[in-house]
Amino acid sequence: MQHHPGSAPQAQSRARTLFLLSLGSIGVVYGDIGTSPLYAFREALRPVAQDGITRAEVIGLISLIIWTLTIIVTLKYVLFLLRADNHGEGGTLSLLALLMKTAGRRATVLFFMGAVGAALFIGDAMITPALSVLSAVEGLKLVTPTLGDYVVPISVVILVMLFAVQSLGTAAVSKFFGPITAIWFIVMGLGGIRHITDDLGILAAFNPYYAVVFTMNEGYVGLVVLGAVFLTVTGAEALYADLGHFGRRPIQWAWFCLVFPALTLNYLGQGALILAHPEAFENPFFLMFPNWALLPVVILATAATIIASQAVITGAFSLTRQAIHLGFLPRMEIFHTSETQTGQIYLPGVNTVLLFGVMLLVFIFGSSEKLATAYGISVTGAMVVTTVMAFEFLRARWRWKPLAAAGALAPLLLLELTFLGANLLKVHDGGYVPVTIAAAVVLLMWTWTRGTRILRDKTRRIEVPLPAFVKSVEKQSAHAPVQVAGTAIFLTSDPDFAPAALLHNIKHNHVLHEQNFILTVKTANTPRVVPAERFSVERISDRFSRIEMRFGFMETQNVSQALGLMRKAGHKFDIMSTSFYLGRRKLVPDAQSGMPMWQDRLFIALANLATDPSDYFRLPTNRVVELGSHVVI
């Protein structure tokens, strides 16, 4: 047997990298699901506790929780969906971008599915920080009851600070996220082990028979309980969305080695505690710990919920960037907060909307118990959307027969639809909140995509095909524009037609530069584009060329940087003697345009809120010329 001298250090290095990535993923990927034990079992117990809690109910409930974690998180997300990646990236919109390549006639349905999934995730990003932080701070009531009145003010201060530090980036503190959350899972697991011996009968919960019997015997109350049981798997969507940050193996290792065992032990411990002390049902999580440990556990729980909230906020930033690049939302300011981590971004507009939404939720609901009722719909809805899209993935990408794909996913979809139905029962108790948020986001996405399509069609009618325009300009005639030195770059979304800014420049200024580039920026259906494929140049005539720049939907569309790459590749032009021409359109609403008047006005408002193209594409500000026109829409 040959021994390769470099193999042992390489193996050690790989193992160390895997360990560090797994540790990092515990903080970011599993932060949300790791805070569920604070409130999930308590909320599931509440409906059955009205007429006294029986032994069969507690065992049935814990069995339901364990099997929900097993089927939905372990089987669906950890083992299956983590393989449904788009060049290493995961999440609803990543999956949508991948499926759009082969969508054909199903493109519209898929677009709506993706938009609904993304919108529900945004709703989740508002509710998670409010619910998690409130439930952690509520542990202070058990330390000393007099602190009960200060739960909301303390939660508000924590949340305001959390959103205030977003602009600084999380790179500096995120290295502590993994270790703190890992300690949190270990403490939860130990708390559970400490109480399992209170009543070893709780171990019967591993038998799914008890979960089935509980669901069948409880009737309507059982449905209400199912809605609360689903709180145990909140954060599973984030697990898929963060695939690109850590990779499949680290996320799977973290789940099987620490997260799943710790959650299972904790829920078993809570169940055993209730079997031995039914009066503990008011707050079984914190009552698992001795009095001396209460304050440290509350502090650790608060830290864990802040980390979980951070992970969801970061997820909302990433998802919004993908939506902008895929054309679902208008351009917004995107700042990079880390020089090494491309995923570390900050969107001030999204941050403000989330902060406003979270504050509103804290003040309206005031306690985690009331807010928990609002939570499940966004999570279950997003999961149902992902399962339906997974069917298309199996059929189109893995080439499964439709019947086989449907057979594999039908039991899962049935289970999730049951959970969704159970959560819809809570619409009047607060469930309307995520539904309203999601509906508003879908409406914005639909209006923006519909409006941009109508706008594109309208402008195309009055545009001049580029080859014909170049031919007419190149003719030496008395009306030919004056040639001036330097280079002009005209940005356009359609390279087949002469850009409006070019037509206006000739019409009003009667000049033409010696070198003219028609530049189109395209977003690829892949997360990143390799530098070698960043641009392509097509010569049309002596003075005119077409440039197409390609960026992945996870990248910043930095045109100046890409032009630097072009110069290195041998294309001669000086950035400081180059002028960038942009068309600025003033939109005027028109009821006959194809959209109702209210949607026209909403589209125009969104267009006005969009970030200036020169900022968005990172153009040198002192070299940009804007030429305006009116467009009726």
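I started at histidine 87, which sits in the loop between helix 4 (55–80) and helix 5 (92–100). The model is predicted, so I read everything below as computed.

Next I checked the backbone there. Phi of histidine 87 is near 50°. That is a positive value in a residue other than glycine. Is histidine 87 buried or exposed? It counts as exposed, because its relative accessibility is 58% and the cut-off for exposed is over 50%.

I then went to arginine 399. Its place is the loop between helix 17 (368–396) and helix 18. Phi of arginine 399 is near 60°, again a positive value in a non-glycine residue. I noted 66% relative accessibility for arginine 399, so this residue counts as exposed.

**Asparagine 423**

I followed helix 18 (residues 402–424) and stopped at asparagine 423, which is found in it. Is asparagine 423 buried or exposed? I found 0% relative accessibility, so asparagine 423 counts as buried. Which residues does it touch, leaving out those up to four places away in sequence? I listed Gly227, Phe230, Gly376, Ile377 and Thr380.

**Nonpolar patch**

I looked over the surface next. Phe356, Leu360, Ile364, Leu424, Val427 and Tyr432 make a nonpolar surface patch of about 570 Å². Which helix gives the most to the patch? Helix 16 (residues 348–365) does, with 3 residues. I picked out phenylalanine 356, which lies in helix 16. Phenylalanine 356 has 57% relative accessibility, so I logged this residue as exposed.

**Helix 23**

Last, I turned to helix 23 (residues 597–609), which has 13 residues. From first C-alpha to last, helix 23 reaches 18 Å. That is close to the 18 Å expected at 1.5 Å a residue.

Which residues of helix 23 are buried? I wrote down Gln599, Asp600, Phe603, Ile604 and Leu606. Seen down the axis of helix 23, these buried residues fall within an arc of 160°, so they line one face of the helix. The general rule I keep in mind is that an α-helix has 3.6 residues a turn, so residues three or four places apart point the same way.

What covers the buried residues of helix 23? I found helix 19 (432–462) and strand 7 (578–588) among the elements covering them. I also checked the other side of helix 23, where Asn608 and Leu609 are exposed.

Note on methods: Residues are numbered from 1 along each chain as its sequence is written. This is a predicted model: local features need pLDDT of at least 70, side-chain atom pairs count only at pLDDT 80 or more; totals for chains, interfaces and linings use all residues. Side-chain values use heavy atoms; hydrogens and water are left out. Helices (H or I, at least four residues) and strands (E, at least two) are DSSP runs, numbered from the N terminus. Buried means under 20% relative accessible area, exposed over 50%, partly exposed in between (1.4 Å probe, protein chains only). Contact means heavy atoms within 4.5 Å. Patches are made of residues with over 30% relative accessible area and no salt bridge: like charges are joined within 9 Å, nonpolar side chains (Val, Leu, Ile, Met, Phe, Trp, Tyr) within 5 Å. Accessible areas come from the Shrake-Rupley method with a 1.4 Å probe; for residues, only the protein chains shown count as cover. A salt bridge is a side-chain nitrogen of Lys or Arg within 4 Å of a carboxyl oxygen of Asp or Glu. The expected span of a helix is 1.5 Å times one less than its number of residues. The arc is that of the directions from the helix axis to the C-beta atoms.
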